[in-house]
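Take a first walk through this protein chain. We begin with the whole and then stop at single residues.

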Amino acid sequence: MTYLFFDIECANSFGGIGKMCSFGYVLCNHDFSVIETNDFLINPDAPFDWYLFKKNSKCHLAYRKEEYLRHEKFSHFYSKICTLLTSPDRLVFGFGCSNDISTIESECIRYGLNPIDFSCYDISKILGQYYQTSGSLSSFVQLLNINQTGLEFHDSKADAIFTMKVTERLAADMDKPVNQILSGYQPASGIHAYSEKIKKLYVKYLERSSAPKNKTRRKIRVEKVPDNFDYKKELLLELELQKQQKTNCNRSPFSL
């Protein structure tokens, strides 16, 4: 049995679609001995949100913009990421990872790749129940006195390592192996996240298509996704619209 802990960062989430700029991970054995760790820096092929490089930002990216842009796009890393997430006899973990999972799936569609069918446990929920508190990854790192030397938050690899370390501490405090700790918890499904993400995007597509031309505040009818809905076509349409809007007007820092 091996464990994979991962974290991603995005250049932006305009329109509810995350554009990945890094995928960090640590792969370890069941006793938390590290096998491999890395941080894939990814050209997001999209603009970076304004606050990610702002001094004193709460979500300041670990590298300069130019460093991300000089690397390959997501499609270059797809096979490796897919292998990491789906290898047999492997448990996958993230911290507050629902957005990370849906971002991976929407990136697959953005680049015309098959969705990645994987399951992932959100360790933040289990930590919260056991320690009777809630909070960010950094708050649990501080609560559990995890050594932070040489590691910075919002560096994908560092956050993956922190996620591994708080999980290791949880197992020690509970005096149970990880597979027993997970008993009773359901992992999140990448395929389910894919489906839900595209449904939301399709609702936006319907709202935009049916919006009145005169900008009156008439309530927009929301329709169900039909059985023959072309997920890929409509998501690509949504992304293309975003690109056109970015080209045709100057986006406010507070726009979606």
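The accessible surface of the protein chain comes to about 14200 Å². Carbon and sulfur atoms hold 48% of that area. This is a predicted model, and its values are computed from the predicted atoms. Of the 256 residues, 44% count as buried.

Now the overall form. The C-alpha trace spans about 65 × 40 × 35 Å along its principal axes. How does the radius of gyration agree with that of a compact globule? A compact globule of 256 residues would have a radius near 18 Å. The protein chain has 20 Å, which agrees.

The secondary structure comes to nine helices and six strands. Consider the contacts between residues at least 6 apart in sequence. Of these, 67% join residues at least 24 apart. Charge comes next. The chain carries 33 positive and 30 negative side chains. The centres of these two sets lie 10 Å apart.

Go now to helix α4, which covers residues 123–131. Which of its residues are buried? They are Ile 123, Ser 124, Ile 126, Leu 127, Gly 128 and Tyr 131. Their cover includes two strands, β4 (90–94) and β5 (119–122). It also includes the helices α5 (137–143), α6 (156–174) and α7 (178–181).

Stay with Ser 124 in this helix. Its relative accessibility is 17%, and the cut-off for buried is under 20%. Ser 124 therefore counts as buried. Its side chain makes a polar contact with the side chain of Asp 122, at 2.6 Å. Leave aside the neighbours within four places in sequence, and Ser 124 is in contact with Gly 94, Phe 95 and Gly 96.

Just after α4 comes Gln 132, with a positive phi of about 55 degrees. Most residues other than glycine have a negative phi. Where else does a positive phi turn up? Asp 89 has one of about 55 degrees, although it is not a glycine. Asp 89 is found in the loop between α2 (74–86) and β4. Asn 145 also has a positive phi of about 55 degrees and is not a glycine. Asn 145 sits in the loop between α5 and α6. Is Asn 145 buried or exposed? At 66% relative accessibility, it counts as exposed.

The loop between α5 and α6 also holds Leu 151. With a relative accessible area of 22%, Leu 151 is partly exposed. Leu 151 is in contact with Ala 158, Ile 161 and Phe 162, leaving aside its neighbours within four places in sequence. Now look along the chain to Lys 233, 82 residues from Leu 151. The C-alpha atoms of Leu 151 and Lys 233 are separated by 41 Å.

Finish at helix α1, residues 65–69, where Lys 65 lies. Lys 65 counts as partly exposed, because its relative accessibility is 35%. Which residues does Lys 65 touch, not counting those up to four places away in sequence? They are Phe 48 and Phe 53. Ala 11 is 54 residues from Lys 65 along the chain. The C-alpha atoms of Lys 65 and Ala 11 are separated by 9.2 Å.

Note on methods. Residues numbered from 1 in each chain as written. Predicted model: local features only at pLDDT ≥ 70, side-chain atom pairs only at ≥ 80, totals over all residues. Heavy atoms only, no water. Helix = DSSP H or I, 4+ residues; strand = E, 2+ residues; numbered from the N terminus. Rg over C-alpha atoms; globule rule 2.2 N^0.38 Å. Buried < 20%, exposed > 50% of the residue type's maximum accessible area, 1.4 Å probe, protein only. Contact = heavy atoms within 4.5 Å. Areas by Shrake-Rupley, 256 points an atom, 1.4 Å probe, with all protein chains shown as cover. Lys, Arg positive; Asp, Glu negative; His and termini not counted. Charge placed at Lys NZ, Arg CZ, Asp CG, Glu CD. Polar contact = N/O pair within 3.5 Å; in protein donor to acceptor, adjacent residues only side chain to side chain.
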